[in-house]
Amino acid sequence: CRAGYIISSPELMKLVQAVPIGIIGMPVPFQYAGAVALEKGWGFVKKMRKEYKKRIDFSVKRLNEIKGINCPKPEGAFYLFPDISAVGMPSAKFAQELLLQEKVRGAPGTGYGQAAEGHIRFALVADMEHLEDAWNRVERFVKKNGKK
C-alpha cells in the first residue's frame, strides 16, 4: 500500500487530477497501518531502498542493451520510462502486444499525456529473477516486432 496527500491550489489540482494516480481516499484500517509504519517501519524502508537501487541499476543497464530502447535512470522512483520510439510502433500497441505475446505488462506513455508517446512505463515491483526474465522477454519482443 502507498499513501500520500496533496495540498494544492484548485488550478494545480486540475493538472494533478489529469494524471492517473489510482484510488483517492484511504480506508481507516490503512490509516492505522500507515501510522504504525511511520513509527516502526524504517528498517524495512532502508532495506527496500537498497533493493530498489539494485533493481533500478540492473534494469536500466539491461534495457539499454536492447536495440531500439533508450532507458534513462529515474531520479526518485521505482518506475522506468524508457523511450521505445525507435522500435517503430505506438506505445499503446507496444504495451498491448508485449502483454499478449510475452506476458509482460507496461503502461503506454500516452496514459501520462500525449507528449509521452513513444515511451512505456515499467514498475520495478518484481524481484530480480522476475525482472531478468521480463527484460529477456522485452528483448525477444523487440527483436521480433521492431523496425527491420
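A residue is called exposed when its relative accessible area is over 50%, buried when that area is under 20%, and partly exposed in between. Lys61, with a relative accessible area of 56%, is therefore exposed. The legends below describe a predicted model.

**Figure 1. Overall arrangement of the protein chain.** The secondary structure of the chain consists of 5 helices and 3 strands. Their order along the sequence is α-α-α-β-α-β-β-α. The C-alpha trace extends over about 55 × 40 × 25 Å along its principal axes. Of the 148 residues in the chain, 27% are buried. Among contacts with a separation of 6 or more, 59% are between residues 24 or more positions apart.

**Figure 2. The largest nonpolar core.** This core comprises 23 residues, of which Leu63, Ile69, Phe94, Phe122, Trp135, Val138 and Val142 touch the most other members. At least two residues of the core are supplied by each of α3 (42–64), α4 (91–102), β3 (120–123) and α5 (128–145). Helix α5 provides the largest share, with 6 residues.

**Figure 3. Surroundings of Ile69.** Residues up to four places away in sequence are excluded from this view's contact list, except where the listing itself names a residue.

**Figure 4. The open sheet.** Three strands, in the order β1-β3-β2, make up an open sheet with antiparallel pairing. Strands β1 (79–80) and β2 (107–108) are the edge strands, each pairing on one side only. Between β1 and β3, which run antiparallel, there are 2 bridges. Tyr79 has Ala123 of β3 as its bridge partner.

**Figure 5. Helix α5 and its buried face.** The 18 residues of α5 reach 25 Å from the first C-alpha to the last, close to the 26 Å expected at 1.5 Å a residue. Leu131, Ala134, Trp135, Val138, Glu139, Phe141 and Val142 are the buried residues of this helix. Viewed down the axis of α5, these buried residues fall within an arc of 160°, so they line one face of the helix. Glu129, Lys143 and Lys144, on the other side of α5, are exposed. The cover over the buried residues of α5 includes α3, β1, α4 and β3.

**Figure 6. Helix α3 and its cover.** The end C-alpha atoms of α3 are 33 Å apart, in agreement with the 33 Å that its 23 residues should span at 1.5 Å a residue. The buried residues of α3 are Met48, Tyr52, Arg55, Ile56, Ser59, Val60, Arg62 and Leu63. Among the elements covering them are β1, β3 and α5.

Figure 7. The side chains of Arg62 and Glu139 form a salt bridge, with an N to O distance of 2.5 Å. Because Arg62 belongs to helix α3 and Glu139 to helix α5, the pair ties together parts that are 77 residues apart in sequence. Both Arg62 and Glu139 are buried.

Figure 8. Arg140 and Glu102 form a salt bridge in which the closest N and O atoms are 2.5 Å apart. Arg140 lies in helix α5 and Glu102 in helix α4, so this pair joins parts that are 38 residues apart in sequence. Arg140 is partly exposed, at a relative accessible area of 48%, whereas Glu102, at 7% relative accessibility, counts as buried.

**Figure 9. The salt-bridge network around Lys61.** Salt bridges that share partners link Lys61, Arg62, Glu65, Glu139 and Lys143 into one network. Glu65 is partly exposed, with a relative accessible area of 45%, while Lys61 is exposed, at 56%. A search of the whole structure finds 10 salt bridges.

How values were computed: Residues are numbered from 1 along each chain as its sequence is written. This is a predicted model: local features need pLDDT of at least 70, side-chain atom pairs count only at pLDDT 80 or more; totals for chains, interfaces and linings use all residues. Side-chain values use heavy atoms; hydrogens and water are left out. A nonpolar core is a set of buried Ala, Val, Leu, Ile, Met, Phe, Trp, Tyr and Cys residues joined through side-chain atoms within 4.5 Å. Buried means under 20% relative accessible area, exposed over 50%, partly exposed in between (1.4 Å probe, protein chains only). Helices (H or I, at least four residues) and strands (E, at least two) are DSSP runs, numbered from the N terminus. Contact means heavy atoms within 4.5 Å. Two strands pair if DSSP finds at least two bridges between them. The expected span of a helix is 1.5 Å times one less than its number of residues. The arc is that of the directions from the helix axis to the C-beta atoms. A salt bridge is a side-chain nitrogen of Lys or Arg within 4 Å of a carboxyl oxygen of Asp or Glu.
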